[in-house]
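Here are a few friendly notes to read alongside the model. Take them one at a time, and look for each residue as you go.

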Amino acid sequence: MCFARPQPPQVVYQGPSPEDIARQNESMQAYQTQLAAQQKAMTDQLQQQIDKANADAMRQQEQLAADQTAAAVRQQGTYAVTASQSEAPATAMTTAAAKAKERPRAGLKIAPGSTAAGSGAGLNIGI
């Protein structure tokens with residue numbers, strides 16, 4: 001018996017055809033063009049929003065400054081007060097300082113001069 005040596009299979013690497021490559025390139029170019037247009041539209045819209053917000057902020061700052069100026073002018077006119085002292089009229093009612101009320105003294109009083117100091121003098125406390 002004779003054994004023949006097996007031959008390895010022949011592998012051929014075959015890529016996409018030139019037509020497929022051209023179609024993919026066209027598709028990629030269309031995608032890139034579409035993407036660039038979308039990015040430009042988005043950046044334009046975003047820039048418009050930023051410009052509008054900046055304009056609104058400037059307008060509000062100007063309005064705030066005008067309101068503060070107007071409030072300062074009104075406050076000066078409203079709170080400018082002068083005072084002078086004059087004599088009280090004859091019919092005016094006046095008050096005097098309050099006096100402390102006299103209260104009777106409460107508690108035990110021992111007259112120091114009533115009894116001579118000695119044994120049995122003073123308080124009668126049983127011990």
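Is Lys-40 buried or exposed? Keep that in mind as you read the points below.

1. **The overall picture.** This is a predicted model. Its protein chain has one helix and zero strands. Of the 127 residues, 0% are buried.

2. Lys-40 is exposed, because its relative accessible area is 52% and the cut-off for exposed is over 50%. Its salt-bridge partner is Asp-44, with the closest N and O atoms 3.3 Å apart. Asp-44 is partly exposed, at 37%. Both residues sit in helix H1, four residues apart, or about one turn of the helix.

3. Side chains of opposite charge can pair when their charged atoms come close. Here, salt bridges link Lys-52, Asp-56 and Arg-59 in a network. Lys-52 meets Asp-56 at 3.4 Å, N to O, and Arg-59 meets Asp-56 at 2.4 Å. Arg-59 and Asp-56 are three residues apart in helix H1, so about one helical turn separates them. As for accessibility, Lys-52 counts as exposed at 55%, while Asp-56 counts as partly exposed at 22%. The structure holds four salt bridges in total.

4. **A nonpolar patch.** Look next for Met-28, Tyr-31 and Leu-35, which make a nonpolar surface patch of about 290 Å². Leu-35 belongs to helix H1, which covers residues 18–78. With a relative accessible area of 32%, Leu-35 is partly exposed.

How values were computed
Residues numbered from 1 in each chain as written. Predicted model: local features only at pLDDT ≥ 70, side-chain atom pairs only at ≥ 80, totals over all residues. Heavy atoms only, no water. Patch = residues over 30% accessible without salt bridge, like charges linked within 9 Å, V, L, I, M, F, W, Y side chains within 5 Å. Areas by Shrake-Rupley, 256 points an atom, 1.4 Å probe, with all protein chains shown as cover. Salt bridge = Lys/Arg side-chain N within 4 Å of Asp/Glu carboxyl O. Helix = DSSP H or I, 4+ residues; strand = E, 2+ residues; numbered from the N terminus. Buried < 20%, exposed > 50% of the residue type's maximum accessible area, 1.4 Å probe, protein only.
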